[in-house]
Each structure stands twice: as C-alpha cells, then as structure tokens.
Amino acid sequence: MTSFDRNAILARLSALRAADAPTHGGHVLSYVYDSGIADLDELAAAAVRLVQPVNGLDPTTFTSVAVMEREVLGFARELLHGGDEVVGSVTSGGTESCLLAVKTAREAWRAAAGVGRPRIVAPVTVHAAFHKAAEYFDLDLDLVPVDAHTGRLEAARLIERLGPDVALAVVSAPSYPYGSLDPVEEVAAACEAAGVDLHVDACIGGWILPFWREADGSAVAPWDFRVAGVTSVSADLHKFGYAPKGASVLLQRGRDRQRLQYFATTGWPGYPVVNPTLLGSKSAGALAASWAIIQALGARGFAELAESCLRATRTLADVVADIDGLRVVGSPTGPLLAVETDDAVPEEGRVDPHHWADRARRRGWYLQLQPGLTQPDGTRLPHTTHLTITPVTRDRLDELEVALRASADEVRGEPQVDAETALAALPPLGAGPLDSDTAAGILRAVGIAGDTPGLPSDQAPLLALIEALPRPLTERLLVELLARIVEPA
Ligand SMILES: *Cc1c(COP(=O)(O)O)cnc(C)c1O
C-alpha cells in the first residue's frame with residue numbers, strides 16, 4: 001500500500017494555517033465565534049471525529065444522525081418558544097436555512113395559487129442570502145428602505161407593500177449590518193392578516209437574543225415563535241451556537257407547510273431520494289459538534305456566554321461613543337456594532353471608519369469594512385465598520401480599547417478614500433459582459449493583483465471602489481478576484 005509522510009503533510013497544513021487570520025483569541029471581530037472554552041472546542045472536535053465516516057444523507061441507515069438532529073431541534077424549539085406545531089431541519093449554515101425558507105414559501109405561495117411573479121418583501125438590511133435566494137429560486141426581491149440614520153425599519157413601510165404576489169416577508173433579529181432588531185410583532189400582525197408568510201432571520205441572533213437585554217435593561221421585544229404570524233425562523237449554530245462551520249437550524253411552523261421544504265423523487269433507477277435540505281450526501285460533523293456543545297452548555301451555559309458578550313458589547317459601545325469623530329449606528333440589539341463617522345463634529349475632528357479599521361488591522365485587530373449604499377428611495381446609508389463581539393472579547397477589552405483609540409487618533413481628519421483617482425485608472429469599457437481576462441486586467445489596473453490569495457492589507461481603497469463603480473461591474477470584478485484565487489497555477 002502506498003506509504004505517506006503524515007508529519008510532512010500536516011506540517012504543510014500547519015504552515016498554511018499559520019498564515020490565516022487568527023481563529024481564536026478575539027482578534028477577528030467577524031466570521032469566527034470563539035466561546036473561549038478550550039474544552040468545548042476539544043469536545044466538538046471529538047464529536048466530529050466520531051461521525052467522520054457517516055453520511056448524513058440517510059438518517060435511517062445512520063440512525064445517530066436522526067437522534068442528534070431531533071435533539072438539537074428540540075432544544076432550539078424550546079429556546080425559540082415553538083409549540084408542538086413547530087418542526088425543522090439542521091442545515092449547513094445560515095445561507096442554506098434562508099434559501100430553504102424562501103423555497104418553502106414559494107411552494108406554499110404557488111399551492112395557494114398566488115398571482116403574478118412571486119415577490120419577497122424585506123428591509124434593505126436583510127442578509128444577502130435573500131438576494132441569493134431570490135436569484136436561485138426566481139422571485140423578485142422588493143427592498144424596503146430603512147431609516148438612513150439609525151438603520152431601523154419602520155414597520156408601516158414594509159406593511160404597505162404586502163400584496164397577493166408576496167410569497168414571503170422577511171425581517172431580522174437582528175440585522176447583520178447594524179444589529180437592528182426589526183419590528184417583528186407589527187410586521188407579523190400585518191402578515192397574518194394579509195395571509196403572507198413571515199420569516200424571521202435570526203441567523204446571528206437566534207442563539208444569543210434569548211439571553212439578551214436592551215441597553216436600558218429592558219427585555220428584548222418578542223421576535224420568535226411567541227409572535228403569531230411568524231412562520232419560520234433561522235438560527236445559526238456555527239455563530240453563537242459556537243459550533244464549527246456547517247450548522248444552522250431552520251424551524252417552520254406547521255408540518256404541512258414544512259413538508260414543502262423537502263425534495264423527493266423516485267423517478268430514476270437509483271435509490272429513492274428524499275432531501276430536506278439542498279445537499280445530498282453530507283457530513284454529520286457539524287451536527288454532531290453542535291449536539292455535543294448543546295449537551296455541554298445547556299441553556300445556562302449559553303446564558304453565561306451571552307452575558308460575557310453583553311458586557312463586552314456595552315463597554316465597546318461606550319468606548320466608541322467616547323472616541324471623537326466616531327459613533328455607533330442606531331441602537332443595536334445583540335452583540336453587533338456598526339461604527340460610522342460622527343458628522344456632528346467639524347471635518348478635522350471626524351474619523352473615517354474604513355481608515356480606522358485599516359489602522360486597527362495593522363495592530364492585529366480585524367474589523368469588517370461595510371460599504372455605503374444608496375437605498376431604492378435615494379437615501380444614502382453610510383459606510384461603516386462592523387464589529388461582532390464574542391465571549392472572548394471580554395478578556396481582551398483593554399487591549400482592544402487601546403487599539404481602537406490609537407487607530408482613531410492616527411486617522412482623525414483624513415477623509416474617506418476618493419475613488420475618483422482609481423476610477424480614472426480604469427481602461428475604457430466596451431458594452432456587454434466582461435470576459436475574464438478583461439476583468440483581471442481591470443483588477444490589475446486599479447491595483448488589485450487578482451492572482452495571489454489575499455487582499456492588500458489596507459482595504460479602504462477597495463471599499464471606495466466598490467461604492468463608486470456600477471454594481472454589476474463591481475460584482476463581476478469581485479467574482480474574478482475570487483475565481484483567480486483558486487485557479488491552479
Ligand atoms: C450570517 C448570517 C446569514 C448567513 O449565514 P451563513 O452562515 O454565513 O451562510 C444570514 N442572515 C444573517 C442575519 C446572518 O448574520
């Protein structure tokens with residue numbers, strides 16, 4: 001049998017991993033959700049290992065999968081106050097949960113003989129997964145502008161757009177860009193009256209808002225299955241469920257409705273196919289890890305970790321408020337902060353959030369840059385910098401505060417990158433779609449290599465371009481950038 005050098009192979013992988021952004025220790029304030037409990041990570045790894053060869057495709061052959069999924073769903077249903085009529089699936093992540101919520105709603109809408117082309121109504125702040133769902137499943141996406149200063153959705157603005165062609169309304173608990181909690185109760189009441197399904201996207205909030213309090217100490221307004229009219233909720237285990245990537249929960253109210261999520265066929269000569277989710281053969285690893293973490297933490301463990309996040313979030317919000325030239329957008333519900341320029345101070349005192357993030361990056365802190373966006377009504381959402389706070393943030397608050405203050409001091413008065421300079425470097429573009437070589441040429445012309453993994457460490461110029469270029473062009477260029485990264489050399 002072929003022999004192999006285990007140590008050499010793993011040494012190479014370790015070397016590659018060493019170049020990654022740090023996944024533990026709280027230096028990356030997005031993407032990763034570190035509980036700070038090493039034993040919990042070890043437990044999750046052991047659970048993954050135990051189910052490594054299992055195929056999650058068939059829970060009748062691999063019965064452990066059925067038991068774990070049933071128990072994870074049971075815990076989630078209790079947490080989200082679902083009754084016996086609430087059932088669900090464990091999916092591979094938030095995007096898959098959102099895609100399936102839309103797919104289910106589209107089938108239900110068709111079954112109810114909906115008229116016209118099906119439409120999703122959602123605030124502009126809804127996660128991009130719903131843009132993807134609309135594209136994949138061929139629905140229109142009708143985006144409702146939010147308040148440009150607070151990022152909040154005014155319920156009436158969404159409600160007035162409900163109609164017989166609406167297959168699904170979506171609200172967030174909370175939204176990813178600003179941490180804003182949408183007015184779930186008001187929207188749900190109107191949806192129920194209009195006979196429109198309502199999905200609550202709690203991908204990021206689902207495993208932490210049950211233990212959260214508002215900044216004034218008051219309870220978070222109901223946003224889950226307590227609210228009549230809510231037909232489905234998504235909650236990601238691989239975010240504040242602290243599981244490795246590849247696990248989310250989608251709960252749906254009503255068995256008959258939920259069955260529309262499934263795909264089944266006996267119309268081929270192979271095994272009968274019955275898939276609750278998008279994948280066929282699938283890993284049971286993240287499910288097993290999630291299951292193990294839930295056994296280990298229980299509601300009390302989740303509550304304690306949420307408390308760490310809550311305290312760290314309050315402290316960081318105070319720190320940002322105290323930095324001249326920056327402010328937090330709106331009043332977030334949950335462990336997320338979006339930071340924008342405080343334009344109430346004179347120009348020389350303002351801090352651009354993207355320059356700020358780039359300076360923090362040089363100090364080893366990875367904040368996430370979010371571009372500004374013009375809403376359908378013409379109002380402009382500011383460019384911001386996003387921070388997701390995790391339990392470990394609490395142990396690093398002093399260091400982080402120093403970095404955030406020093407970074408602001410360095411760039412105070414420096415305006416946002418002017419994309420016009422980069423735009424001027426653009427070669428003239430012909431009509432029609434770009435081919436990949438032209439796209440790669442443009443990327444080089446604007447100073448982004450496009451053939452080495454990773455981006456320039458200062459991202460403010462890239463974000464300025466993203467804001468300045470026409471959307472289809474930016475999207476095509478970003479596709480090129482990512483595609484080139486994995487092309488065999
Ligand atoms: C993360 C997130 C998603 C998408 O989830 P992925 O796990 O990244 O696929 C959807 N909605 C919200 C609000 C999120 O925060």
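Phe 4 lies in the segment before α1 (6–18); helices (H or I, at least four residues) and strands (E, at least two) are DSSP runs numbered from the N terminus. Phe 4 is exposed, at a relative accessible area of 60%, where exposed stands for over 50%, buried for under 20% and partly exposed for values in between (1.4 Å probe, protein chains only).

Together with Met 1, Ile 9, Leu 10, Leu 13 and Leu 16, Phe 4 makes a nonpolar surface patch of about 700 Å². Patch residues have over 30% relative accessible area and no salt bridge; like charges are joined within 9 Å and nonpolar side chains (Val, Leu, Ile, Met, Phe, Trp, Tyr) within 5 Å. A salt bridge is a side-chain nitrogen of Lys or Arg within 4 Å of a carboxyl oxygen of Asp or Glu. Accessible areas come from the Shrake-Rupley method with a 1.4 Å probe, and for residues only the protein chains shown count as cover.

## Basis of the values

The model is predicted: local features need pLDDT of at least 70 and side-chain atom pairs count only at pLDDT 80 or more, while totals for chains, interfaces and linings use all residues. Residues are numbered from 1 along each chain as its sequence is written, and side-chain values use heavy atoms, with hydrogens and water left out.

## Helix α11

The end C-alpha atoms of α11 (residues 397–411) are 21 Å apart, in agreement with the 21 Å that its 15 residues should span at 1.5 Å a residue; the expected span is 1.5 Å times one less than the number of residues.

Leu 397, Leu 400, Ala 403, Leu 404, Ser 407, Ala 408 and Val 411 are the buried residues of α11. They lie on the same side of α11 because they cover an arc of only 125° around the axis, the arc being that of the directions from the helix axis to the C-beta atoms. This buried set packs against α9 (285–322), β10 (326–328) and α10 (353–362), contact being heavy atoms within 4.5 Å. Exposed Asp 398, Val 402 and Asp 409 sit on the face turned away from the buried side. Gly 413, which follows α11, has a positive phi near 95°.

## Ala 422 in α12

Ala 422 belongs to helix α12 (residues 419–424). Leaving out residues up to four places away in sequence, Ala 422 touches Val 446 and Leu 465.

## Helix α15

In α15 (residues 471–485), the buried residues include Leu 473, Leu 477 and Leu 481. The buried residues of α15 pack against α13 (436–445) and α14 (460–468).
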